[in-house]
Amino acid sequence: MSRTDGGGRQGRARALASRLNGRPLVLVGMMGAGKTTVGRRLAARLGRQFIDSDEEIERAAQMSIPEIFEQRGEGEFRAGEMRVIARLLKEKDIVLATGGGAFVNADTRALVKAGAVSVWLKADLDVLFERVSRRSNRPLLKTADPRGTLEKLIEDRYPIYAEADLTVVSRDVPQDNVAGDVIVALLDHFKKEQA
Ligand SMILES: Nc1ncnc2c1ncn2[C@@H]1O[C@H](COP(=O)(O)OP(=O)(O)O)[C@@H](O)[C@H]1O
Ligand SMILES: O=C(O)C1=C[C@@H](OP(=O)(O)O)[C@@H](O)[C@H](O)C1
Ligand SMILES: [Mg+2]
């Protein structure tokens, strides 16, 4: 990478930091969109702390997400998810990756909309299915037809994710490039907001 590229990157990160003024950046979207992995890259590029709400919930409950769903049920998971996100939104200068269902919950969505800048990482069914098929840690997809389940979730959730402040396509390119796409899209968003 040339010196100019490095300067451009840093310049964009600084410009964005000033626009955000400490406000949390929150990633929303389907399972497999890349919220956790792209979010980590994004935080590194912006010099922000990265937090994943699923990891926070697992730490608080001392159980894995599949165990929480199995032993406590989805209702309790969603209530815990909202509490954890409400607490995390009080932090400054963070990138927060949420679980795919968090923004779908009306109360959690209201908290995110009020206290953060939200980005929908969007990907289509084929891309998502290929990615989630790599691991079996998503209890909602433990059905007879996981692809059909994912398709139905997309149908239900896309209109809700569209309420995020902006949308970035999670392309099948290195995750650092997707993080770069998010930074460019955010700067563009703030420019438009100012115009
Ligand atoms: N842009 C990308 N290109 C290729 N693979 C990706 C990309 N983003 C994420 N992945 C992979 O997809 C899987 C799910 O990513 P993850 O970050 O856990 O998604 P989420 O948190 O949105 O469910 C992981 O194996 C990750 O490495
Ligand atoms: O879409 C969902 O409802 C869920 C997504 C998961 O997080 P990721 O989106 O990070 O996979 C996790 O919170 C849980 O399995 C439920
Ligand atoms: Mg995740």
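Trainee: Why is R157 called partly exposed?

Mentor: R157 has 18 other C-beta atoms within 10 Å. A residue is buried with 20 or more other C-beta atoms within 10 Å of its own, exposed with 12 or fewer, and partly exposed in between, with C-beta atoms placed from the backbone. R157 is therefore partly exposed, with its 18. Do keep in mind that this is a predicted model, where local features need pLDDT of at least 70, side-chain atom pairs count only at pLDDT 80 or more, and totals for chains, interfaces and linings use all residues. Residues are numbered from 1 along each chain as its sequence is written, while chains are lettered from A and ligands numbered from 1 in the order in which they are written.

Trainee: What makes D54 count as buried?

Mentor: D54 has 21 C-beta neighbours inside 10 Å, so D54 counts as buried.

Trainee: Which residues is D54 in contact with, leaving aside its neighbours within four places in sequence?

Mentor: Those are I65 and G99. Contact here asks for C-beta atoms, placed from the backbone, within 7 Å. On that basis, R157 is in contact with M30 and V104, again leaving aside neighbours within four places in sequence.

Trainee: How do you know that D54 and R157 have a "binding site" label?

Mentor: That comes from UniProt, in an unreviewed entry, which places the feature at D54, R78, G100 and R157. UniProt positions follow the numbering used here, feature names are shortened, and annotations may be inferred rather than shown by experiment.

Trainee: Which residues surround ligand 2?

Mentor: Among them are D54, I65, G99 and G100.

Methods. Near = placed C-beta within 6 Å. Contact = placed C-beta atoms within 7 Å.
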